[in-house]
Amino acid sequence: MPANVETMFYVRVAPWHGLGICVQEALNSGDALRESGLDWSVVQRPVMTSTYEPIQGYKANIRNTDNRVLGVVTDRYKVVQNHEAFAFTDALVGEGVKYETAGSISDGKRIWLLAKLPDKYFLEGEEIEPFLAFSSSHDGSGSIKVCMTPIRVVCQNTLNLALSSAKRIWSTVHVGDLSKKMDEANATLALAHSYMSSLGSEFNKLNKIRLTDAKVAEYIEMLLPMDDNPTNTHRKNITRIRDDLKHRYHDAPDLRHVNKSAYRFICAVSDYATHAKPLRETANYRENVFVKTIDGNPLIDKAYEIVLSAA
């Protein structure tokens, strides 16, 4: 497993991010908590100087199983325990919720879980499964985030379009009354069906924007611009990426039934953003792919803006 992944599981087939150990079926929250290695708690202890004088206003977040310091936070910081993340998602999704993947990165500093929502959708002739992703940090570096993650079943591409008509992400900081904030998240994420309906309308609109091969090449150049005075390495790299994206648009087996349209272009970009290896394969590039599932992928967002502005 890559160095930045601490513990993680996935169901049967490795997901788009390619992380984790395999289990044979989706798990309930209790089993997911255990199999993901997240069955530990965070305790807060005073922070002291080298002469054992307490530093006012700060605490250390420490994992109870090995006393690893996950981060130093202010007194206002409220811990959301891993079991609370699962309990929240159980309550949000409802009876029978199953988890497809969960785990931690950066030595436990950030955790996530991915739960399959019960409904299935057929948008533009394709089956799209909606998932709910929950992410939190224990080092004070990030907020609590809950987001919708629609995935094309045929190829495990994520299609996280930021729609103006429906909210995809809810987030809050680790301060204040978290129980009340969870109620707010529950009300917000209850609109998941609204997001999927809006996504279906957007896919329909994109599918009606027909593209010539020349227009696709133009969009790819806009999406992946070349420097004015490129070095040989830069020219080689950009050309390689452009050719890869063209191949995914024109030749991907899962897109052969899809019209040559803006929708097909978005799917091809998503395929590249979700599955392609980077030019420099760092130890944690797969974790970065997963993080972009929650935070939003700038390449997909840019492609979406290009096709809309040109329509």
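I began with the neighbours of His174: leaving aside residues up to four places away in sequence, His174 touches Arg76, Tyr77, Lys78, Val80, Ser136, Ser137, Gly142, Ser143 and Ile144. A reminder to myself: this is a predicted model.

Next I looked up where His174 sits. I found His174 in the loop that runs between strand E12 (169-172) and helix H3 (178-189).

Is His174 buried or exposed? Its relative accessible area is 3%, and the cut-off for buried is under 20%, so I noted His174 as buried.

Then I checked which partners the His174 side chain has for polar contacts. I noted one with the side chain of Tyr77, at 3.3 Å. I noted another with the side chain of Ser136, also listed at 3.3 Å. Both Tyr77 and Ser136 are among the residues that His174 touches.

On to the helices. I picked H4 (residues 192-207) and H9 (residues 298-310), whose axes come within 11 Å and cross at roughly 60 degrees. That angle is why I wrote down H4 as oblique to H9. For handedness, I recorded a left-handed crossing where H4 passes H9.

Which residues make the contact between H4 and H9? From H4 I listed Glu202, Lys205 and Leu206, and from H9 I listed Tyr304, Val307 and Leu308.

The residues where H4 meets H9 divide into 4 nonpolar and 2 charged, with no polar ones.

Definitions and conventions:
Residues are numbered from 1 along each chain as its sequence is written. This is a predicted model: local features need pLDDT of at least 70, side-chain atom pairs count only at pLDDT 80 or more; totals for chains, interfaces and linings use all residues. Side-chain values use heavy atoms; hydrogens and water are left out. Axes are lines fitted to C-alpha atoms, for helices over the stretch in contact, and angles run from 0 to 180 degrees between N-to-C directions. Helices (H or I, at least four residues) and strands (E, at least two) are DSSP runs, numbered from the N terminus. Angles under 35 degrees count as roughly parallel, over 145 as roughly antiparallel, 65 to 115 as roughly perpendicular and the rest as oblique. A crossing is left-handed if the near helix is turned anticlockwise from the far one by less than a right angle, and right-handed if clockwise. Contact means heavy atoms within 4.5 Å. Ala, Val, Leu, Ile, Met, Phe, Trp, Tyr, Cys and Pro count as nonpolar, Asp, Glu, Lys and Arg as charged, and the others, Gly among them, as polar. Buried means under 20% relative accessible area, exposed over 50%, partly exposed in between (1.4 Å probe, protein chains only). A polar contact is a pair of N or O atoms within 3.5 Å; within protein, one must be able to donate a hydrogen and the other to accept it, and residues adjacent in sequence count only if both atoms are side-chain atoms.
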